[in-house]
Amino acid sequence: MAPATEHQSSFLSRISRRSQVVSMEVNHEQELEELEDFQKHVAERFTELLPPSDSPESYPVLSIQWLRKLLDVFMSIESEFHSVLTTNPSQISKPPLDKLVPEMLDRIVKALDICTAVVNGVDSVRQIQRCAEIAVTALKQTPLSDGSVRRAKRALTSLLAALNADKNSGSSGGGSGRRSSTEQWSSFGRRSGGSGGGGGGCVSKNWSAAKQIQAMTANLVAPRGGEASPMYIMSSVMVMVMWTLVVAVPCQTSNGLTVHLPLPKNQVWASAAVSISERIGEEMKRKETRCGGLMEEMQRMERIGLKMMEFSEGFRFNEEEDVTAEVAEMEEICRKMGDGLEGLQRRVREVFHRLVKSRSEILEVIDH
């Protein structure tokens, strides 16, 4: 009976090993399928941000409405990442992917600081908008008097100084009082998700948006073999979105901002994201700046503000000079800013709180 028992034991052992192998193969196929679906989702959502230029629903890159859409895309991708995380925790817990976790958690903390700075930066844009509104009101007076023109000129001087503060001082705190606005407002709740200093309502005086972005990109390297992973993709998406926000919105010390992001052109999920980042980088080169504040409405505001200033400086009460078209365009920009900035700020707050939750979820997966 002993040989039969031994044969039976050997047979059961082989069956068990085969079951384990089959189970591993099934799990691996499931992981690959989930990864493929996630990459496809990321690619599709970023492609939405590059609609045909003749589309009536398209918004210029870095405009307020486009930025709001970018944050909607980020929230959608983050939600899909959460789904992958909960259905297959091994995507972040098994070697070598587990090594990406500490870097991801650190990037989230830095992203929380950037969200705080961006919300405060939106408040500084509102101050610039108020200067523009004062100039518009003054130059709409009929008949136009010397006093009205002087009021417009004072407002335009403040507006143009604020718009060029980063370029002139290398910091968003120079000349225009922008730093004081950045430090003054505390627009978030005080939740920090257990992260030191990441979720407060203001950032320190020595904090730098450009350095935060630099630190977030420092170790952003594709996994060996060129294979993507949900953790790497999510990290890359987060860095790209935070970089874009800092480029668009005047943040504390954004001078020295990188023009290129280390995104993998050869990976299917990154194609549209790379196109967007390259377009933004080209805009930075065209403007010859590595500072923030390239929001499309702010650029238009500067261009029109210069024309209005030229009119104000050359104004003679008895001369027939017309700035009606510029005033109307500036008024329209102010109206769009009034409608859009609050929504943008609200979206950034939502991203902030979603990142706090995401960090907790990742830690929970690791703990279990």
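This is a predicted model: local features need pLDDT of at least 70, side-chain atom pairs count only at pLDDT 80 or more; totals for chains, interfaces and linings use all residues.
A search of the whole structure finds two aromatic pairs. In one of them, Phe38 and Phe81 are arranged in a tilted geometry, with 6.3 Å from centre to centre and 40° between the planes. Because Phe38 belongs to helix α1 (residues 2-47) and Phe81 to helix α2 (residues 64-87), this pair ties together parts that are 43 residues apart in sequence. Both Phe38 and Phe81 are buried.

The rings of Tyr232 and Trp269 have centres 6.2 Å apart and planes at 80°, an angle over the 60 degrees required, and the pair is therefore edge-to-face. Tyr232 is buried, as is Trp269.

Helix α9 itself comprises 19 residues and reaches 27 Å from its first C-alpha to its last, which is close to the 27 Å expected at 1.5 Å a residue. The helix is mostly covered, with 19 of its 19 residues buried. Its axis and that of helix α8 (residues 209-218) come within 10 Å and cross at roughly 165°; α8 and α9 are therefore roughly antiparallel to each other, and α8 passes α9 in a left-handed crossing. In this arrangement, Ala209, Ile213, Met216 and Thr217 of α8 meet Met238, Val239, Met242, Trp243 and Val246 of α9.

Terms used
Residues are numbered from 1 along each chain as its sequence is written. Side-chain values use heavy atoms; hydrogens and water are left out. Rings of Phe, Tyr and Trp (its six-membered ring) pair if their centres lie within 6.5 Å; planes under 30 degrees apart count as stacked, over 60 as edge-to-face and the rest as tilted. Helices (H or I, at least four residues) and strands (E, at least two) are DSSP runs, numbered from the N terminus. Buried means under 20% relative accessible area, exposed over 50%, partly exposed in between (1.4 Å probe, protein chains only). The expected span of a helix is 1.5 Å times one less than its number of residues. Axes are lines fitted to C-alpha atoms, for helices over the stretch in contact, and angles run from 0 to 180 degrees between N-to-C directions. Angles under 35 degrees count as roughly parallel, over 145 as roughly antiparallel, 65 to 115 as roughly perpendicular and the rest as oblique. A crossing is left-handed if the near helix is turned anticlockwise from the far one by less than a right angle, and right-handed if clockwise. Contact means heavy atoms within 4.5 Å.
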